[in-house]
Amino acid sequence: MTNKTHLVDEITGHRRMRRNRKADWTRRLVQESRLTVDDLIWPIFLVPGSGIIDPIAAMPGVNRMSVDKAVEAVKEAADLGIPAIATFPNIEMNLRDQTGSHILEANNLLNQATAAIKKAVPNIGVITDVALDPFTSHGHDGILRGSEIVNDETVDQVVKAAILQADAGSDIIAPSEMMDGRIGAIRRGLDAAGHQSVGIMSYATKFSSGYYGPYREAISTAGLLKGDKNSYYISPANGTEAVRDAAMDVEEGADMLMVKPGLPYLDICWRLKEAFSLPVFAYQVSGEYSQIKAAGMNGWIDEERVMMETLLCFKRAGCDGILTYFAVEAARRLAKA
Ligand code: PBG
């Protein structure tokens, strides 16, 4: 015992935050958020053909896969315990047109993949997007008339596409095109077609973001896009508007909400989780993935550590799960721990 007091004693009194951090066992005991394999959704890219594994330059470690290869990869993901995948097709250029009409082809690449995956790996959830951008010759998510992305006509098409996707075996429809009224319209359409048990994960708050760059390379829309998506995606400046947009989707019947991109929008994740009693998912998008990969490949950051840290931070921010291109790597890492 010493009666010498330090300045810090006067300030902290008996309070010492570091007591709970002093050993591995205390740190484990007080850990608030945890990442498990059950939190992971793996987005994958599809190409026509067979036997194809085609690396995406802007997303090191991510490939476009033909359906047969995708089925093998999804089997592996299911064996690791990943609960669900999300699929994005790279559609042949000669099938793309002004209205994205090929999305209404029952046996298109996306629906073929869903059917094949559900047949081979019935226990993994398949989430499909109904935006038109992989199918349009201009790279927009909706139908372009003159210089306008027309809302209501796009919604009619998206509803038909959603029913075809559900027919093919899709478990959850995830509309990302941000048209007004789409959630209610898709719900009614699915129900009328007998797909009451098919869920809707709304890309409720999708921001107009530069982080989607590598994705546009992955599905070959980067060179096609005329103008920007500011007339239908939310401005990165607007949080309250994002909450209102999500509120409409909740009223219209969304089963799950998504925030996209992820890390720069953790405040939105938190706000949606507080405001609504629905599961909230973050999409750690292509640009977020590529940033971490690039810095890791340069030796500037510890890639695995940053990957696990970002995924855990989504949990702390209130997310129930994360769509991430790291899903398989993270699942392997979690299995080791
Ligand atoms: C568009 C869509 C986008 C992503 C998925 N679906 C964004 C866009 O092209 O504007 C982005 C996903 C990613 O960046 O990983 N419907």
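**Ground rules.** I count residues from 1 along each chain, as its sequence is written. Because the model is predicted, local features need pLDDT of at least 70, side-chain atom pairs count only at pLDDT 80 or more, and totals for chains, interfaces and linings use all residues.

**Overall form.** I looked up the secondary structure and found 12 helices and 12 strands in the protein chain. Helices (H or I, at least four residues) and strands (E, at least two) are DSSP runs numbered from the N terminus. Along the principal axes, the C-alpha atoms fill a box of roughly 80 × 45 × 40 Å.

**Burial and contacts.** I call a residue buried if 20 or more other C-beta atoms lie within 10 Å of its own, exposed if 12 or fewer, and partly exposed in between, with C-beta atoms placed from the backbone. By that count, 45% of the 337 residues are buried. Two residues are in contact if their C-beta atoms, placed from the backbone, lie within 7 Å. Of the contacts between residues at least 6 apart in sequence, 74% join residues at least 24 apart.

**The annotated lysines.** Which residues does UniProt list for "active site"? The unreviewed entry gives K206 and K260. They are spread over 55 residues of sequence, yet the largest C-alpha distance is 5.0 Å. I note that UniProt positions are in the numbering used here, feature names are shortened, and annotations may be inferred rather than shown by experiment.

K206 lies in strand β9 (residues 199–206). K206 counts as buried because it has 27 C-beta neighbours inside 10 Å. Leaving aside neighbours within four places in sequence, I found K206 in contact with S176, M178, Y233, I234 and K260.

K260 lies in strand β10 (residues 256–260). Is K260 buried or exposed? It is buried, with 23 other C-beta atoms within 10 Å. Not counting residues up to four places away in sequence, K260 touches Y203, K206, F207, Y283 and V285.

A cis peptide bond joins K260 and P261, with omega about -10°. P261 is in the loop between β10 and α9. In helix α9 (residues 266–275), I listed I268, C269, R271 and L272 as the buried residues. Among the elements covering them are β9, β10 and α11 (303–316).

**Positive phi.** M178, one of the contacts of K206, is not a glycine but has a positive phi of about 60°. I place M178 in the loop between β8 (172–174) and α6 (182–192). M178 is buried, with 25 C-beta neighbours inside 10 Å. S220 also has a positive phi, near 55°. S220 is in the loop between α7 (213–218) and α8, and is partly exposed, with 17 other C-beta atoms within 10 Å.

**The ligand.** The residues around the ligand include D129, D133, S176, K229 and V285. By class, I count 4 nonpolar, 2 polar and 6 charged residues in this shell. Here Ala, Val, Leu, Ile, Met, Phe, Trp, Tyr, Cys and Pro are nonpolar, Asp, Glu, Lys and Arg are charged, and the others, Gly among them, are polar. S176 is around the ligand and in contact with K206; V285 is around the ligand and touches K260.

Technical notes
Near = placed C-beta within 6 Å.
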